[in-house]
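Trainee: Hey, I've just opened this one up. Can you walk me through a few bits of it?
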Amino acid sequence: MSSETVVRVIVSGILNGGVYALAAMGLSIQYGVARVLNLSHGEFIMVAAWLTWTFFTRLEINPLISVAITAPFFLGIGFLIHRTLFTTLKNKAPSPAAFEGNSLLVAFGLLYIVQNIALLIWGGLPRTYVWLSGGVNILGVQFSLNSVIALAVALALGVAFYVFVSRSRPGKAIRAAAEDPATAGLMGININRVLPLCFGLGALLAGIAGVLLSMCYPVSTSMGLNYTVIALIVVALGGLGSIPGSFIGGFILGIVGSIVAQLESTLVMVSFYAILMILLVARPKGLLGKS
Amino acid sequence: MSILEGQGVTKYFGGLAAVSNVDFHIGQGEILGLIGPNGAGKTTLFNLISAAFPISSGEMRFKGHKLNGLKPHKICRLGIARTFQETKVFANMSALQNVLVGAFFGTPTHISGTDAAGEATQVLEFVGLPAMSMTPVKDLTLVNQKRTEVARALATKPELLLLDELMAGLTPTEVSESMELVTRIRDRGITILMVEHVMKAIMGICGRVMVLHNGEKIAEGTPQEIAANKKVIEIYLGVETHAGN
Amino acid sequence: MDISKFTSRKFLLVAGLVLAILVFLATFPIYGSNSAVGVWIIIMMYVILTVSWVMFSGSTGYMSLAVAAFFGIGAYTAAFLYPRTPGPLLPLPAVIIAGGLVSFIFALLVGLVTLRLKGMYFAIFTFGLSVLLYHIMVFYELQIQGFRGQRLTPITNQTAFYIVLVILVLTVLAAYLIRRSRLGLAMQSIGESEDAAAHMGVNTTMVKVITFAISAFFMGAAGAALAPKWGYIDPTVAFNMFYSFMPVLMAVFGGMRELYGPVVGAVIFAYTERALRLRFPYQYMLAFGIVLILIIIFLPGGLTGLVPKLQDKLRGVIARLRKGGQSEQHVNT
């Protein structure tokens, strides 16, 4: 394998890994705090990708500005969805286990709602757009500028979010709410605001992931499912509910996927699944997870 | 002859020792009481015996069998049954169905449907619940739910029965009835280990009492010896106010 | 006394109804048009998938999202055993059973790995399973076989109809027998309190794995029956996530307490799906998603969950009418 290939594999591994990490952290915070396993997560990524495409091709708004638009939009949508659907579900659920089961199914329904709204708006064909596709030279290898920018943004936002959750005061409140919602409520944390907010944060991360993806890959309405599964695998690998685990797990899968893609591109998902299976057998609590 | 003994039983949750280096033994046919303030490790010890979670270190033997590493259903089939502090009945099933689960699955030998139904009815009568056997258990009163739990455990034909706070939340009359039930169970040849906060029950029916505090065993003896024990009185300030509750 | 009369009349009613339905179905291909027969094949297929799904997920509370995976395994098993060229390797009934068996074995493996863990890991694993199998099949067809899709020896709608009918009867029978058996009792207890069940001697892992595998058998058999009817399958068709979604919708809508709940739900939605899918493909899926969410939030017991409430109201009305008649009698004497 030439050194050029190695550099290419590593860089695309980090790029994909960054997107996976963002998506997985989003899913992780939704499950960790709001206890919703959001099976429709990938569909939000897909919608964000389509929105970016529409902004660029119809309104000539460049993707980086799209990030600034999609982020608050998805935050709001996520907040609303949780406030309406999942909060109602929570109040009616006879037990936490029943809530988790029901919210899983509601998310499944949401999958089909979001996916088909997207199909009605944008149709079933894949599309791309071209933005900043000029070449950039890194370590002797040519890369398109858009993927480099996407990589940089993914890394920056991923690290920023990770730091936010682990070090900042709001981050501590979020983690407290995840650990023990009742006690957190007693300590003055407004659970009714934190839970939907965290769900919205998860959607926000999905949105950003979608924007970045659209910069480097074609957009299609069927792309969501793959990303949901990848995010699920990363979250399970890193430990259900562990944000650091999702962060690291995302990059690990990104690099592994990149290597596997070099050898046999159709087996990338299979390799992820194999890793998941091995880990579930060997270490059921995940890499860093809480039980 | 000890039916159950433990040496150096320890359980860590993270860095905290919920049970620390506890030695204990229960003689066949006795009723051993297990008391201690909240958080002393009593239910944890139960959970270790019934294998609800694994032991961190130490050894436990039941009739000579090592218990370490066995799963809960195996422990049940060996002859140890239990009730739960939070009354884990099968809420939407009837009392009869609850007990049938124990009758079918709690023993290593195969049993026919008719025999199981017969045994279940018998044991429901024994605990005083024949008339309500068809109602969903969630619609029963607390004391009847607890009785269902006991009946279910008895249907597994245990030699050792672990009762976790059976009297909690019961009226004084119900407490006396339950005390009488426990004695009748012992009279059938079943050894009993009971966690209790209701001192009337401990004093009334236990042959021996063990006291846990912060995961360690701090005293052991007859109820009278324990009641007079200075250490126990110290940690249990106000135990008199709880007696008979 | 009154109650037992009601019960035995009810039993006769139910038995009569079931018999009438069976007779209707068994004779349908004789007078029904070919396309109508085709529609009913699909309806029966969905009933099979839904009833098998409820067999496991209904009582244990473990949400399996893998119906599409097992259905697809059955379909591909049929594709390999009943290809168009060089022709069938086994007689059709054997192919159907093989489809069920391969799914059964697969489910055993998946179950042994994931059912020891928390329910969420199981949901994650089963959700991704159909996506995984899709990618495996794409790899196989692209890289090893060299072309996409599998052609099967075709069978007529009539043949497919009767095969699916037989599978349907067996599935419903199995579901009924399991419910009333020890296995069913054990599963119910796991759904109520897995901890307590384990402590009462139930080998919870084994019970879950076996039931999961049994339910997968019928899903695989259904897949193996549909594949030759279609004549051609590929990974997109065989492992479509929609086959995991529909049984959930149908079971939740119909209600899972009673056996007939999933059947009712399946018939309603299967029929609607067939009616709408050509003219409003995206809208109906959208509507189904909305319906699922609405039912979960507002009617968690499903349609059959309403039945006890309606029964109570009915009993109240009957009682009041009877009391009214009695008081009239008193007045007359």
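Trainee: At what angle do the axes of helix 2 and helix 9 of chain C cross?
Mentor: One thing to keep in mind is that this is a predicted model. In it, the axes of helix 2 (residues 34-60) and helix 9 (residues 204-230) of chain C cross at roughly 170 degrees and come within 9 Å. Since angles over 145 degrees count as roughly antiparallel, helix 2 of chain C is roughly antiparallel to helix 9 of chain C.

Trainee: Which residues make the contact?
Mentor: On helix 2 of chain C they include C:Ile41, C:Met45, C:Trp53 and C:Phe56. Helix 9 of chain C brings, among them, C:Phe212, C:Phe218, C:Met219 and C:Lys229. By class, that contact has 13 nonpolar, four polar and two charged residues.

Trainee: Switching to chain B, what domains is it divided into?
Mentor: Domain 1 of chain B takes in 2-79 + 158-242, and domain 2 is 89-156. Their centres, taken over C-alpha atoms, are 24 Å apart.

Trainee: And how many residues of each are in contact?
Mentor: Nine from domain 1 of chain B with nine from domain 2 of chain B. On the domain 1 side, helix 2 (72-78) and helix 6 (172-187) of chain B each supply at least two residues. That side divides into six nonpolar, one polar and two charged residues.

Trainee: Last one, chain A. Which residues are buried in helix 6?
Mentor: In helix 6 (residues 169-179) of chain A, A:Ile174, A:Ala177 and A:Ala178 are buried. They cover an arc of only 100 degrees around the axis, so they sit on the same side of helix 6 of chain A.

Methods: Residues are numbered from 1 along each chain as its sequence is written. Chains are lettered from A and ligands numbered from 1 in the order in which they are written. This is a predicted model: local features need pLDDT of at least 70, side-chain atom pairs count only at pLDDT 80 or more; totals for chains, interfaces and linings use all residues. A residue is buried if 20 or more other C-beta atoms lie within 10 Å of its own, exposed if 12 or fewer, and partly exposed in between; C-beta atoms are placed from the backbone. Helices (H or I, at least four residues) and strands (E, at least two) are DSSP runs, numbered from the N terminus. The arc is that of the directions from the helix axis to the C-beta atoms. Axes are lines fitted to C-alpha atoms, for helices over the stretch in contact, and angles run from 0 to 180 degrees between N-to-C directions. Angles under 35 degrees count as roughly parallel, over 145 as roughly antiparallel, 65 to 115 as roughly perpendicular and the rest as oblique. Two residues are in contact if their C-beta atoms, placed from the backbone, lie within 7 Å. Ala, Val, Leu, Ile, Met, Phe, Trp, Tyr, Cys and Pro count as nonpolar, Asp, Glu, Lys and Arg as charged, and the others, Gly among them, as polar. Domain bounds come from an automatic or database domain assignment.
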